[in-house]
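The sequence and model are shown first.

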Amino acid sequence: MDLLHSIFGELELNEFEEYEAIRLIKFSGLEKEVKITFDDEINEKHCRAYQYFIENLDRITPDIIQSIIEYQNECHDYTDYTASFKYFENTNDVLGNTELFEIVLQTELHGVVTDSNLYHKVMKEELNGTGEERYVVLLFEAKWVNDDYRILSVAFANEKVIYVTDENITV
């Protein structure tokens with residue numbers, strides 16, 4: 001059964017009986033259809049996280065690109081597999097070798113993310129007076145990260161990059 005949501009538009013049930021939406025997202029000047037998924041039943045936290053994220057996407061895109069460059073540079077040459085790909089130096093390198101395919105709206109993040117120093121730093125700065133936490137994880141197809149999953153996760157807390165990994169941290 002499909003459902004029409006005021007923020008996410010048409011929602012469809014996936015094979016796991018969870019709602020998801022397909023939205024046209026403009027990322028780094030390119031528009032593409034991206035799947036929007038939720039870590040729980042859709043609630044107000046998901047709506048706020050999505051709205052703030054989309055409103056700020058143009059502003060934070062350079063941070064996303066830079067975090068991917070830094071991550072790729074750290075893991076480049078880590079294995080023969082990663083060494084077989086180009087060393088990223090700029091936005092075109094990232095856009096030519098990664099593809100955003102999903103935005104996951106989360107009410108909470110996994111421990112591996114919340115244990116990171118960057119998460120604690122961002123949340124200490126951001127929560128001064130607001131008390132609101134907004135979590136989004138971007139999933140990119142990235143053939144250069146490993147030869148099995150080819151997924152790169154970029155996690156956000158309150159529109160700030162807090163964690164990048166070659167694992168799907170949404171499941």
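## Pockets

Strand E4 (30-38) and strand E5 (99-106) each supply at least two residues of the lining of the largest pocket. Helices (H or I, at least four residues) and strands (E, at least two) are DSSP runs, numbered from the N terminus. The model is predicted: local features need pLDDT of at least 70 and side-chain atom pairs count only at pLDDT 80 or more, while totals for chains, interfaces and linings use all residues. Residues are numbered from 1 along each chain as its sequence is written, and side-chain values use heavy atoms, with hydrogens and water left out.

A pocket is an open set of points, on a 1 Å grid over the protein atoms alone, where a 1.4 Å probe fits, with protein on both sides within 12 Å along at least five of seven lines; lining residues have an atom within 4 Å of a point. Grid points are joined across faces, edges and corners, and a volume is the space filled by probe spheres set on the points.

Of the 15 residues that line the largest pocket, Asn 14, Glu 18, Thr 37, Glu 102 and Val 171 lie nearest its centre. E4 gives the most to this lining, with 3 residues. In the second largest pocket, helix H1 (44-75) and strand E8 (160-165) each supply at least two lining residues, and E8 gives the most, with 5 residues. The lining of the second largest pocket includes Asp 63, Gln 66, Leu 118 and Tyr 163. In the table, Ala, Val, Leu, Ile, Met, Phe, Trp, Tyr, Cys and Pro count as nonpolar, Asp, Glu, Lys and Arg as charged, and the others, Gly among them, as polar.

| Pocket | Volume | Lining residues by class |
|---|---|---|
| Largest pocket | About 280 Å³ | 5 nonpolar, 4 polar and 6 charged |
| Second largest pocket | About 190 Å³ | 5 nonpolar, 2 polar and 3 charged |

## Nonpolar cores

A nonpolar core is a set of buried Ala, Val, Leu, Ile, Met, Phe, Trp, Tyr and Cys residues joined through side-chain atoms within 4.5 Å. Buried means under 20% relative accessible area, exposed over 50%, and partly exposed in between (1.4 Å probe, protein chains only). The largest nonpolar core has 36 residues, and Ile 64 and Leu 138 have the most contacts inside it. Two or more residues of this core come from each of strand E3 (19-27), E4, H1, E5, strand E6 (135-141), strand E7 (151-157) and E8. H1 gives the most to the core, with 12 residues.

Not counting residues up to four places away in sequence, Ile 64 touches Phe 27, Leu 57, Leu 138, Phe 140, Phe 156 and Val 161; contact means heavy atoms within 4.5 Å. Another core, of 14 residues, lies apart from the largest one and has Tyr 135, Val 137, Ala 155 and Ala 157 among them.

## Cysteines and local features

Cys 47 is buried at 5% relative accessible area, and Cys 75 is buried at 14%. A disulfide is a pair of cysteine sulfur atoms within 2.5 Å; by this rule the count comes to 0 disulfides.

Most residues other than glycine have a negative phi. In the loop between E7 and E8, Asn 158 has a positive phi of about 50° and is buried, at 4% relative accessibility. Glu 159, found in the loop between E7 and E8, has a positive phi near 65° and a relative accessible area of 8%, which is buried.

Asp 80, in helix H2 (residues 80-83), is exposed, with a relative accessible area of 73%. The C-alpha atoms of Asp 80 and Asn 146 are separated by 9.9 Å, with the two residues 66 residues apart along the chain.
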